[in-house]
Amino acid sequence: MIRIWLAQHWFVLVSTLKRLVAAPITTLLSVVIMGIALSVPVSIYVIVENLRLVMNEKNHPQMTLFLKHDIKQENIDKIQQDLQERPQILGSEFIAKDIALQQLLEKSELPNAVKNLPRNPLPDAFVITVRDDSMDNLRELQETLKSWPAIEFVQFDSEWIERLKALLQLGWSIVLMIVAISSIAIIAVMFNTIRLQIATKRDEIEISKLIGATDPFIRRPFLYFGALQGLTAGVIAWSIVFLLIHLINEQLIVFLHFYGIDFFLEPLSTENGLSLLFFSTLLGWLGARLSVSNHLWQIEP
């Protein structure tokens, strides 16, 4: 029984492939349109995902702890130990005031004016790297560090983090909206394609019903037709995104080279690519299913 069922599906699959190959131009135009519609949100998704990874891996928030001028070495050691014991703090770097002054001299456009200062105005400081936690937790940590007696001031620029997170959130919203619009467009294209297929095979469907063919049997070739076109559209979308990211990387590497930055966009992962193929196949199948369900009942022998 299972062998017969598999043989029937295999026969339908092969005959559907032959139908697609028999009309290459029509098939190509249809799947290219659907592939381009899918490639737009996928391209935006890849860019937003790369930004998110860069933010999580390379741009952990940092705080600068400025110590009081009269602080002793034993207090500095105590602060460093307390910082290491806090799980929210990933790492800390102590910058002595003499080193800070030397860095200021190297970067300052008025080194003589800095050298003529009566004393070093810069305090000792710790630069700590913290986990990318919620802003409420980071602000709570900032207030806790401010309360330490040996710390004069805690600098934490949280605005750029909030802006970047808002930008990523906007990117995800744009991806979801374009995915919804593209999905509706693909379903509409497939709906109309299957409607034309049903119209050209009306006589064949009527004869099949006369000899006892069930609706699932008649529906099966159209569902395979929609699923295969959706799958091919997914492959085209994946190829377009891969080529687009490759071209962007070529220009991006040249541009960032002048700034000494080594960065390039990661292409769509295999897992996400397979998800794209499944999603595009599902859209093609769904469009065919809706079209068949809407038109098949109207054909009676």
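How many bridges join strand E1 to strand E3, and in which sense do the two strands run?

I began with the ground rules: this is a predicted model, in which local features need pLDDT of at least 70, side-chain atom pairs count only at pLDDT 80 or more, and totals for chains, interfaces and linings use all residues. Residues are numbered from 1 along each chain as its sequence is written, and side-chain values use heavy atoms, with hydrogens and water left out.

**Strands.** I found that E1 (residues 62–67) and E3 (residues 125–130) run antiparallel and are joined by five bridges. I noted that strands (at least two residues) and helices (H or I, at least four residues) are DSSP runs numbered from the N terminus, and that two strands pair if DSSP finds at least two bridges between them. I then saw that E1 also pairs with E4 (residues 151–155), again antiparallel, over four bridges. Looking up Thr64, I found its bridge partner in E3 to be Val127, while in E4 Thr64 stands opposite Gln155.

**Salt bridges.** I counted two of them in the structure, taking the term to mean a side-chain nitrogen of Lys or Arg within 4 Å of a carboxyl oxygen of Asp or Glu. Asp82 forms one with Lys78, the closest N and O atoms being 2.8 Å apart, and both residues lie in helix H3 (residues 73–84), four residues apart, or about one turn of the helix. The other joins Glu143 to Lys146 at 3.8 Å, N to O; these two are about one helical turn apart because they are three residues apart in helix H6 (residues 135–146).

**Accessibility.** I recorded Lys78 as partly exposed because its relative accessibility is 45%, the class between buried (under 20% relative accessible area) and exposed (over 50%), with a 1.4 Å probe and protein chains only.
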